[in-house]
Amino acid sequence: MMDFGIYEKALPQSRDIEKIFQTAAEAGYRRFEMALDKDRLERFRWSKKEKAEWLRASLNSGVQIYNLVLSAHREFPFGSHEADVRKKAYEIMEEAVEFAAEMGIRTIQVAGYYALDSEEVTEDSEKRFIEAMHHAAGLAGRAGMMLGIENMDRDIISLDQMKKIVEEVNSPWLKMYPDVGNLSAHHFNVKQSLAENIHHIVGIHLKDTKEGVYRRVPFGEGIVDFKLVFSTLFNSGYRGYFGVEMWNDNSENSVEIIKEARKWLLQQTPQ
């Protein structure tokens with residue numbers, strides 16, 4: 001049976017780290033995706049004791065901290081027109097690699113944003129992003145860690161865009177981390193996109209979407225053809241990681257929701 005990972009924000013929030021990981025385990029998940037957005041940057045300042053609490057909870061539950069969802073670059077993009085924003089983007093990347101290495105995390109998901117939402121994306125924005133990926137790949141290589149660019153709701157939205165970046169950087173440490181929900185919402189040919197880029201993929205984000213709606217669409221109520229996604233990946237030889245991306249939003253029955261999501265996704269896989 002497949003092992004899915006679960007996004008941290010899908011779980012009930014608690015100061016009890018052991019409880020968070022036990023909840024993930026009881027819901028059937030064996031991997032964990034840690035969130036690192038602009039509001040969680042203080043995690044880079046964790047003491048050894050704080051890091052040890054998370055690692056101990058991971059070991060006790062049997063749920064591995066596998067992926068770091070580094071979404072902080074949405075607010076601090078590498079290609080921003082503002083020099084201070086670009087400087088912060090580099091600082092975040094450097095700290096993220098060091099932090100992930102200390103936590104035993106295998107992959108860092110890099111958000112594919114060229115510029116701030118309020119800024120116009122230019123050729124310079126793209127060039128600056130690619131320059132940053134050269135730097136990031138060097139950091140990752142020294143740490144023995146994989147980076148995967150994620151296609152987003154804007155800026156980098158296709159696997160063709162990611163392929164251009166990955167091939168230009170030409171590093172074994174920088175690959176793709178496709179979000180099949182975002183691909184579908186932008187009406188790309190999901191089967192072709194995945195099959196043609198299979199050797200660049202280090203992880204897959206599973207999320208349902210609708211046209212123009214990129215979050216919080218319950219599985220089975222959106223437009224993503226998950227049976228096609230799984231069959232394409234498996235037939236192409238993919239045997240890698242799958243992360244389930246959901247949000248808790250203080251729902252009282254969030255544990256049941258993530259249990260049902262896992263059950264539903266398993267039903268979409270080739271039998």
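Modeller: Let's start with a term: a residue is buried when its relative accessible area is under 20%, exposed when it is over 50%, and partly exposed in between (1.4 Å probe, protein chains only). The model is a predicted one, where local features need pLDDT of at least 70 and side-chain atom pairs count only at pLDDT 80 or more, while totals for chains, interfaces and linings use all residues. Residues are numbered from 1 along each chain as its sequence is written, and side-chain values use heavy atoms, with hydrogens and water left out.

Biologist: Thanks! Why does V110 count as buried?

Modeller: V110 has a relative accessibility of 0%, and the limit is under 20%, so V110 is buried. V110 lies in strand 4, where a strand is a DSSP run of E of at least two residues and a helix a run of H or I of at least four, both numbered from the N terminus.

Biologist: What does V110 touch?

Modeller: With residues up to four places away in sequence not counted, V110 touches M133, L147, G148, I149 and E150; contact means heavy atoms within 4.5 Å.

Biologist: K51 is a lysine, so why is K51 called buried?

Modeller: The relative accessible area of K51 is 15%, under the 20% limit, and therefore K51 is buried. K51 sits in helix 2 (residues 48-61). Beyond its neighbours within four places in sequence, K51 is in contact with W46, F99, E102 and M103.

Biologist: Which residues of helix 3 are buried, and what covers them?

Modeller: They are V85, A89, I92, M93, A96, V97, F99 and A100. The cover includes strand 2 (31-35), helix 2, strand 3, strand 4, helix 4 and strand 5 (146-150). As background, an α-helix has 3.6 residues a turn, so residues three or four places apart point the same way.

Biologist: What makes a set of residues a nonpolar core?

Modeller: The members are buried Ala, Val, Leu, Ile, Met, Phe, Trp, Tyr and Cys residues, joined through side-chain atoms within 4.5 Å. The largest nonpolar core has 83 residues, and F4, I108, M133, I165, L194 and L206 touch the most other members. Helix 4 (residues 123-143) gives the most to this core, with 8 residues. L194 has contacts that include L159, P178, V180 and L183, residues up to four places away in sequence not counted.

Biologist: What makes a space a pocket?

Modeller: On a 1 Å grid over the protein atoms alone, a pocket is an open set of points with protein on both sides within 12 Å along at least five of seven lines, and lining residues have an atom within 4 Å of a point. The largest pocket is lined by 23 residues, with S71, R74, Y113, M152 and R215 nearest its centre. Strand 4 supplies the largest share of that lining, 3 residues.

Technical notes: On a 1 Å grid over the protein atoms alone, a cavity is a set of points where a 1.4 Å probe fits but cannot get out, and a pocket is an open set with protein on both sides within 12 Å along at least five of seven lines; lining residues have an atom within 4 Å of a point.
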